[in-house]
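Welcome, and thanks for taking a look at this one. Please have the sequence and the 3D view ready as you read.

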Amino acid sequence: MKNLLLVSQHYDDCLYQSIKRDGYQITHCDFKELEGICESNQHLGVIDLRGCSDLILIERLLDGIHSHMLIVIIVNRQQLKNTDIKRVIGKYAWDYHTEPIDHGRFFRMLGHASGLSTLKRISQSSLKSENESMLIHSPVMQALDEQISRVAPTDIPVLIRGESGTGKELVALNIHQESRRSSGPFVAVNCGSMVSGLVQSELFGHARGAFTGAVAERKGKIELADTGTLFLDEIGDLPLDQQANLLRFLQEGVFDKVGGTGACKANVRILAATHIDLDVAISKGEFRLDLYYRLNGVTLNTPTLQQRSEDILPLARQFVDVFAREFDFPGCHLTDDACRALQRHDWPGNVRELINRVRRAVVLSDKGRVNAAALDLLSIKEVELLPLKVLKNQVERTAIINAMQFSNGHAEQAAVHLQISRATLYRLLEKHDIDQSEELCLKNKN
Ligand SMILES: Nc1ncnc2c1ncn2[C@@H]1O[C@H](COP(=O)(O)OP(=O)(O)OP(=O)(O)O)[C@@H](O)[C@H]1O
């Protein structure tokens, strides 16, 4: 069934019923409640602005949803004379409809919007899956992939252990995608980055008026993950009092919203990850043993990049291709010295470090050549081996790119930073084949 979010100041039963008859599953709310469901899985919204005057609130709310939702706005003819309304329509609406509602036209428009939002989602998810596909090359990754395939179809909780940047979240996502819940949401929450006083509300949600600022009821991550998977990253950082609430949910399937009146239910599979040793946290009394047993149905370990050294070059090449496409630098490739340096490095930051080095190197690459210097992996030995002229050239090019980016593409300012004349800067830009506007664009992309 097609999902649709209907937001209106006053409930219009006739509109609601006719949209429902057209085959849509409707989530209806008023503008104040919209804040609570901004994160939900809705991709098509009908915003009924008839009778609305608080355009400041409406713009703020639409700002939060229009990037992932096609919006159709309903207004009355009188409102179309209002310049603020016209601005809101121009800024946020995919299309608009004026009262009285011409059902034939309105549902044709809705049908197109629904089809388009599905197409957009498909193209976004294939783009995403290209970046999120897990490279499996080394024996240790093949073994991990086999374990993922075994645990995915079951609903067993999985605890994913591994150093930072080894791909724990990617493993969780793969489990979700291979599970029966794959058509449901995958909701990731970092237990270490939640504001301490708001952890309970973030996880379990809150009722309207539960505390100052709770102007609308808000769903927590558990409820948002209903029928799907909740990934609790850095589970070791979850405060002890919230560990008790989570344990209750895992044992009984129920939870309380902050300020709520009754227990709520959600059908969620839990995956958790940690880079700290939970046994130590348990022995220090910082992590509940009973929660540990509940979360740890099966443990999967993500290897460090050093333990999967066969994957380093294939991964690096994959990321070079991704960033070359992103920055529109066709023909980028790793040089031989880059390949040697990549294999020699220790990778304390694992795959995340590799991604960061490659991204930067693609930006700094000279005519598509991603070398060890651009990766910032030149060993003393190799530095000594390079001719001084080559080294000077590399340093000069890097300094100019940095200055141009720092100055947002303004040559005059960049020349001041570099303590050279503008004319010299233009000569060097040409010498190193640096496109002024490209440098600015790169900075903005980063
Ligand atoms: N095998 C792999 N193939 C492709 N990309 C990978 C692989 N492993 C990790 N990555 C990428 O590395 C980056 C870091 O991975 P991820 O965020 O899953 O690590 P993490 O272990 O959860 O880190 P942290 O503990 O810091 O949260 C992500 O961009 C992820 O897509």
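Predicted model: local features only at pLDDT ≥ 70, side-chain atom pairs only at ≥ 80, totals over all residues.

Strand β1 covers residues 2–8 and strand β3 covers residues 44–48; the two pair in the parallel sense over four bridges. They belong to an open sheet of five strands, which pair in parallel and follow the order β2-β1-β3-β4-β5. At the edges sit β2 (24–29) and β5 (95–98), each pairing on one side only. From one strand to the next, the twist averages 20°. Helix α1, made of residues 13–21, lies across β1 and β2 and runs at about 155° to β2.

**The sheet with β6 and β14**

Another open sheet has five strands in the order β7-β10-β13-β6-β14, again with parallel pairing. Here the edge strands are β7 (186–190) and β14 (298–301), and each of them pairs on one side only. The twist in this sheet averages 20° from one strand to the next. Strand β6 (residues 158–161) and β14 pair in the parallel sense over four bridges, and isoleucine 160 stands opposite leucine 300 in β14. Helix α7 (residues 168–177) lies across β6, β7, β10 (229–233), β13 (269–274) and β14.

| Helix | Residues | Reference strand | Angle |
|---|---|---|---|
| α1 | 13–21 | β2 | about 155° |
| α7 | 168–177 | β13 | about 165° |

**Nonpolar cores**

Which residues touch the most other members of the largest nonpolar core? In this core of 39 residues, they are Ala172, Ile222, Leu230, Leu232, Leu271 and Ala272. A second, separate core has 31 residues, including Leu6, Val7, Ile73 and Tyr96.

Leucine 271 is worth a click in your viewer. Leaving aside residues up to four places away in sequence, leucine 271 touches Pro157, Val158, Ile160, Ala172, Ile175, Thr229 and Phe231.

**Glutamine 413**

Finally, a stop in helix α18 (residues 411–418), where glutamine 413 is found. Why does glutamine 413 count as partly exposed? Glutamine 413 has 15 other C-beta atoms within 10 Å, and a residue is buried at 20 or more and exposed at 12 or fewer, so a count in between means partly exposed. Glutamine 413 and alanine 403 are ten residues apart in sequence, and their C-alpha atoms are 8.3 Å apart in space.

Conventions. Residues numbered from 1 in each chain as written. Core = buried A, V, L, I, M, F, W, Y, C linked by C-beta atoms within 7 Å. Contact = placed C-beta atoms within 7 Å. Pairing = 2+ DSSP bridges. Axes fitted to C-alpha atoms, helices over the stretch in contact; angles between N-to-C directions.
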